[in-house]
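Here is a protein chain to get to know. Have a look at it first, and then we'll walk through its parts together.

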Amino acid sequence: MAFRFLGPRAWLGRRTSTQLAAGIAVMAALALTGSLMATGAAVRMDQREKAALAALDDYGAMVGKLGAESSLTAADITAADAAYLSAWLSAFQDGPARDAGTIEETCSTGRGGAGVRFIRAPVGKPAGLAALETTRGVRVPRLGDGVHVVRLDRGVLCPSRAVEVVVVRRAVGALDIAVGRVVDLSGDALGWAVAAVAAAAGLLLVFGLTAATFARRRLTGAVAEVSRALDRASVGDFSIRAPETALAPELTELTGQVNLTLDRLEELLSWLRDSADQLAHDFRTPLARASARLDRLKEAASTPEARALATEARADLTRLTRAMNEAMALRDGEAWVFETVRLDRLAASAAELYQPLAEERGVVIRVEAAPVPVLGVRSLLQRAVTNLVDNAVKFSPEGGAVELRVRLEDGRPVLSVADQGPGLDPDILDDPARAVSSAADEGRESHGMGLAYVRAILKRHGASMAIDDAAPGAVVTARFSR
């Protein structure tokens, strides 16, 4: 499948307002988090620089106090010198230093500033914190020559916490000296900044997601009301309107237009019903007169052929009148009153109605029906089901069977009526409209109401009709959308 790139405008156009609100909240929280991380990195670098400056200052002070010992070479230094340097370092370590905290304070509070030392001579034992020499660190040239950042794990300097130390490692004569300061990684200002930014990010994220959830529920509720009004209008029920003051302000104009459209449709349908009433009135009188005249013509006919023609013409007018009456039922007032109707009960009622006729023809009627409700007009659906059962009984051969099934398929009501009659031409079964037309042409109609009218009733209820080969016979299936 080819990948199609969507521009920012097209991509945003496909997002819902809820998704956009949630996205903005997440992006804002991420931006605050990124700002916090950048601020933390900047503060950490600043603390390292302060620790490096303090360590360099300590190093200079230490070298200055060494005096003549700083010029000793490896050939000149003795074990006594090494012992002296070790004792001197211990005294220097414990002595006061400018703006330096104690190791005990650092280990107990986590604050930096404590100074650490290490010195090694060519002979004798080294003195100070050996980890300053053995622990590998990261060299940071921008902080100074020979400056490293070393992480001392828990238990090395402090029993209960790990610390970061900026160490100055340099050689002074025959001596290897390492002077370090513990880095204050947090600081009061950074701590307050972290707490403030984290709280703001959390509140922003919570408020954004809450607003997105509220907007989603509000839009969903408003759209559900509009959909409900349109859904009922699709089956002819115009008693429901979308809320004039929409649940969501964004849909106020839409709901107004939907209501105007529904009002206009109801007005047009009312006009059509009135026109149909007038048309039916105009046709009924001529048809009644023609029927009466054909009756008199039949009585006055002098030949059997003339009487037969009059009888056939009279039957044609009767069928035409019945068809018109059935067509008028589709727009009659009762066709606009929808209620919950049980398809299984309609099927059982139709089977019971035609059972005597089926027994006379030697036809068996079987009903397999689960409790299935639909929304519709009871009288129209009863006529449709009755018509289908009448056709099935009429066209089933002696000893045949008619099967009525009511069930749910994919959560939707389905009614099917199958017979064992001649069926339809397999070549036309793929075209539903042609199949219905062919069935009507073959005489599959009753009560003046053919399969075309059944399809009209089903369409009136938002359902579809299909005619398939039952091998033998035909099966008519009605699938409802609600």
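What follows is a short tour of sheets, helices and cores.

## Before we start

This is a predicted model, where local features need pLDDT of at least 70, side-chain atom pairs count only at pLDDT 80 or more, and totals for chains, interfaces and linings use all residues. Residues are numbered from 1 along each chain as its sequence is written, and side-chain values use heavy atoms, with hydrogens and water left out.

Helices (H or I, at least four residues) and strands (E, at least two) are DSSP runs, numbered from the N terminus. Two strands count as paired if DSSP finds at least two bridges between them.

## The five-stranded sheet

Let's begin with an open sheet of five strands, ordered β8-β10-β11-β15-β14, whose pairing is mixed. At its edges sit β8 (364-369) and β14, each pairing on one side only. From one strand to the next, the twist averages 15°. Angles here run from 0 to 180 degrees between N-to-C directions, and axes are lines fitted to C-alpha atoms, for helices over the stretch in contact.

At the β8 end, six bridges pair β8 with β10 (residues 401-409) in the parallel sense; V364 has A401 in β10 as its bridge partner. At the β14 end, β14 (residues 463-469) and β15 (residues 474-480) run antiparallel and are joined by seven bridges. A466 is partnered by T477 in β15. Four residues lie between the strands of this hairpin, where A471 has a positive phi near 50°.

Helix α12 (residues 451-460) lies across β14 and β15, at about 140° to β14. After α12 comes G462, with a positive phi near 70°.

How do the two helices meet? Their axes, those of α10 and α12, come within 10 Å and cross at roughly 145°. On the α10 side the contact uses L380, L381, A384, N387, L388 and N391, while α12 brings L451, V454 and I457.

## What's inside

Which residues of α12 are buried? They are L451, V454, I457, L458 and R460, where buried means under 20% relative accessible area, exposed over 50%, and partly exposed in between (1.4 Å probe, protein chains only).

A nonpolar core is a set of buried Ala, Val, Leu, Ile, Met, Phe, Trp, Tyr and Cys residues joined through side-chain atoms within 4.5 Å. The largest one has 38 residues, and I365, V402 and F480 touch the most other members. Among the elements that each supply at least two residues are α9 (343-360), β11 and α12, but α10 gives the most, with eight. Leaving out residues up to four places away in sequence, F480 touches L343, V374, L381, R412, P413, L458, H461, G462 and A463. There is also a second, separate core of 19 residues, including A52, V140, L143 and V183.

## The other sheet

Now for an open sheet of six strands, in the order β2-β1-β6-β5-β4-β3 with antiparallel pairing. β2 (127-128) and β3 (138-139) are at the edges with a single partner strand each, so one side of each has no neighbour in the sheet. Two bridges pair β3 with β4 (residues 147-152) in the antiparallel sense, and V138 has V149 in β4 as its bridge partner.

Key
Contact means heavy atoms within 4.5 Å.
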